[in-house]
Amino acid sequence: MRRDSKKLKLVYLMRVFKESTDATHGLTIPEIIKKMGAYGFTPERKSLYDDILTLGAHGFAIDSDGKRPPRYHYTPDSDKDLTLREMKLISDCVRSSKFMSSETSNKI
């Protein structure tokens, strides 16, 4: 996976959580991998655990139900809004991406 796509993987992982989960409906790691495939990513199971921790460390609230296998879900009630600086950083990463067209970059 190219470095640019690694940067975008977290953005799309956030999208998967926001669009597909809530406090009562979570996703297992295999389900997350399948949903990421729709965006053209094939993350490894082990890397997703690190990505989930990274998102959590930066204020994106993801919880686990504690069952086996765990189901992860986005909890927006405890999430903070992104600051302007964080939004600009994400925007810059998307714009500098070399694997997507400028039209797609502008849409995002």
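**Aromatic pairs in a predicted chain**

The structure holds three aromatic pairs. This is a predicted model, in which local features need pLDDT of at least 70, side-chain atom pairs count only at pLDDT 80 or more, and totals for chains, interfaces and linings use all residues. Residues are numbered from 1 along each chain as its sequence is written, and side-chain values use heavy atoms, with hydrogens and water left out.

User: Is the pair of Tyr12 and Phe41 stacked, edge-to-face or tilted?
Analyst: Rings of Phe, Tyr and Trp (its six-membered ring) pair if their centres lie within 6.5 Å; planes under 30 degrees apart count as stacked, over 60 as edge-to-face and the rest as tilted. The centres of Tyr12 and Phe41 are 5.5 Å apart and their planes stand at 40 degrees, so the pair is tilted.

User: How many residues apart in sequence are the parts that Tyr12 and Phe41 tie together?
Analyst: Helices (H or I, at least four residues) and strands (E, at least two) are DSSP runs, numbered from the N terminus. Tyr12 belongs to helix H1 (residues 3-20), while Phe41 sits in the loop between helix H2 (29-37) and helix H3 (45-57), so the parts tied together are apart in sequence by 29 residues.

User: Is the pair of Phe60 and Tyr74 stacked or tilted?
Analyst: The ring centres of Phe60 and Tyr74 lie 4.7 Å apart. Their planes are at 15 degrees, so the pair is stacked.

User: Is Tyr74 buried or exposed?
Analyst: Buried means under 20% relative accessible area, exposed over 50%, partly exposed in between (1.4 Å probe, protein chains only). Tyr74 has 9% relative accessibility, so Tyr74 counts as buried.
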